[in-house]
Amino acid sequence: MRMIKLGIREAGAKAARGPLAVAATALLTATALVALPQSTAHAADTLGAAAAEKGRYFGAAVAANHLGEAQYAATLNTEFNSVTPENEMKWDALEPSRGSFSFGNADRIVNHARGRGMAVRGHTLVWHSQLPGWVSGLGTSDLRSAMNNHITQVMTHYRGQIHSWDVVNEAFQDGSSGARRSSPFQDRLGNGFIEEAFRTARATDPNAKLCYNDYNTDGVNAKSNAVYTMVRDFKSRGVPIDCVGFQSHFNSASPVPSDYRANLQRFADLGVDVQITELDIEGSGTTQATNYGNVVTACLAVSRCTGITVWGIPDKYSWRSSGTPLLFDDNYTKKPAYHAVLSALGGSDGGGGDPGGPGDPDAACTAAYTTAEDWGGGYNGKVTITAGRSPISAWAVNVTMTPPQKVSTVWNGSPTWDGSGNVMTVRSSWNGTLAAGASTTFGFTVTRNGGSTTPPQLGPCTAS
Ligand code: XIL
């Protein structure tokens, strides 16, 4: 038993690179882990290895011009096992003038990735944006042949090297209409352009997964309903489609929807894979960490959710850098969001336990939970916050309740609640200032409502 186990963990932690390795790990996990106790497992300590142990990939959007930066490349190589070129495979980059292709920057990314056993997502073949002017100027039959030629040339160049292609990107309008978005393709070729693009793609690289990719389709809404109807129609008529990409660009105006998992699941139930393709979540600290953790948990709950890609590595290179939406700060330090993702994937980094959890010597503060009094129908929870090696002036920690348990009162801390009502962020009130190594406590009363006895789960402690 032990030897089998070691083999699995090695596959997950070291060799889990590329789609074959991912698939192999998934198979091993599915068939062999059943008989093995989880408790003795050594947790994976990178995003890619932790995701691989769950049979998924964890990728990043990558820009060719950053690959020469040592810290950028080191973070990419250590943490991720899939890449998406952020701009280098778009039409304006690959075919800036008709029939003349420039693959240099895209090739640099593909070679970097494949040389290290990482998988590559192709993004994107047919899109109204970052489209060179010459395409918009074409008449109907010229446009049709230009589209099919573009797909054929690009997919032939990368045949066998790309695990999934975003064949068509963002073809639907925002809002309640459920209509197709106006674009040269839509306006001249009509609704059938999407189907035609997928058929050409399948004929060119039969082994690549072919995806439709869009944004504002992450929850159940008019736009995702329209995509859903299209995918259902494609499946019923045998139009080749294998996956749907959910971009998942979130901020306060466009938060992680509460029906995210259910939406992923309904697409998966049509018989396609689902992938989270461009994840970024504006924010900071525990709120951002909670949102990231929820996205990962939703993907893991859907067996056909095969992987997650974050849309960049450090905040400073994000297309929305002012919203600090990524997992690494400008110095490549792991943010609370990183730790939330790793922990949701079942991983853990370093020997110090969970960051900000009990016993982490490097954390600015740590949080530890105990149940103080338990009277069956409810209990009082107590959390001890301890400052790390430096003094702090404020702290915060997320407390996640298992429904139908509900918190009724909180003392010595000030709570706010997320949309689900199950995650409470408790911030210091009068007791934020702590000397190095000093502790304070906050407490709360929980009613069980006849429900589970699972104790509250603490997120990492963050301090300022
Ligand atoms: C963005 C890139 O991140 C930027 O660098 C570029 O200037 C614009 O495009 N949806 C997509 C991605 O499908 O290709 C976009 O990427 C972000 C929105």
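This is a predicted model: local features need pLDDT of at least 70, side-chain atom pairs count only at pLDDT 80 or more; totals for chains, interfaces and linings use all residues.

Student: Okay, ligand first. Which residues are the closest to the ligand?

Tutor: Start with the shell, then look at individual contacts. Here 13 residues surround the ligand, and the closest are Glu86, Lys90, His123, Glu278 and Trp311. By class, that shell has three nonpolar, six polar and four charged residues.

Student: And which polar side-chain atoms lie by an oxygen atom of the ligand?

Tutor: Lys90 is one of them: a polar atom of its side chain sits 2.7 Å from a ligand oxygen. The side chain of His123 also has an N or O atom 2.7 Å from an oxygen atom of the ligand. For Gln130, the distance from a side-chain N or O atom to a ligand oxygen is 3.2 Å. As for cover, the ligand on its own has 420 Å² of accessible area, and the protein covers 78% of that.

Student: Now a helix. What should I check in H13?

Tutor: Compare its reach with the expected span. H13 runs over residues 285–300, which makes 16 residues, and its first and last C-alpha atoms are 23 Å apart, close to the 22 Å expected.

Student: Which residues of H13 are buried?

Tutor: The general idea comes first: an α-helix has 3.6 residues a turn, so residues three or four places apart point the same way. In H13, the buried residues are Thr286, Gln288, Ala289, Thr290, Tyr292, Gly293, Val295, Val296, Ala298 and Cys299. Hold on to Cys299, as we'll meet that residue again in a disulfide.

Student: Where does the pair of Cys211 and Cys243 sit in the chain?

Tutor: Take the bond itself to begin with: the sulfur atoms of Cys211 and Cys243 are 2.1 Å apart. The S-S torsion is about -85°, so this disulfide is left-handed. The pair links distant parts of the chain, with Cys211 in strand E5 and Cys243 in strand E6, 32 residues apart. Both Cys211 and Cys243 are buried.

Student: And what is the handedness of the link between Cys299 and Cys305?

Tutor: Left-handed, with -100° about the S-S bond. The sulfur atoms of Cys299 and Cys305 are 2.1 Å apart.

Student: Why does Cys305 count as buried?

Tutor: The cut-off is what matters: buried means under 20% relative accessible area. Cys305 is at 1%, so it counts as buried. Cys299 is buried too, at 0%.

Student: That leaves Cys365 and Cys461. Where are they?

Tutor: Their sulfur atoms are 2.1 Å apart, and a torsion of about -105° makes the disulfide left-handed. This pair also links distant parts of the chain: Cys365 is in strand E10, while Cys461 is in the loop between strands E17 and E18, 96 residues apart. Cys365 counts as buried at 0% relative accessibility, and Cys461 does at 8%.

Student: Last one: is Asp214 buried or exposed?

Tutor: Buried, with a relative accessible area of 0%. Asp214 is in strand E5, and its side chain makes a polar contact of 2.6 Å with the side chain of Tyr212.

Notes:
Residues are numbered from 1 along each chain as its sequence is written. Side-chain values use heavy atoms; hydrogens and water are left out. A residue is near a molecule or strand if one of its heavy atoms lies within 4 Å of it. A polar contact is a pair of N or O atoms within 3.5 Å; within protein, one must be able to donate a hydrogen and the other to accept it, and residues adjacent in sequence count only if both atoms are side-chain atoms. Accessible areas come from the Shrake-Rupley method with a 1.4 Å probe; for residues, only the protein chains shown count as cover. Ala, Val, Leu, Ile, Met, Phe, Trp, Tyr, Cys and Pro count as nonpolar, Asp, Glu, Lys and Arg as charged, and the others, Gly among them, as polar. Helices (H or I, at least four residues) and strands (E, at least two) are DSSP runs, numbered from the N terminus. The expected span of a helix is 1.5 Å times one less than its number of residues. Buried means under 20% relative accessible area, exposed over 50%, partly exposed in between (1.4 Å probe, protein chains only). A disulfide is a pair of cysteine sulfur atoms within 2.5 Å.
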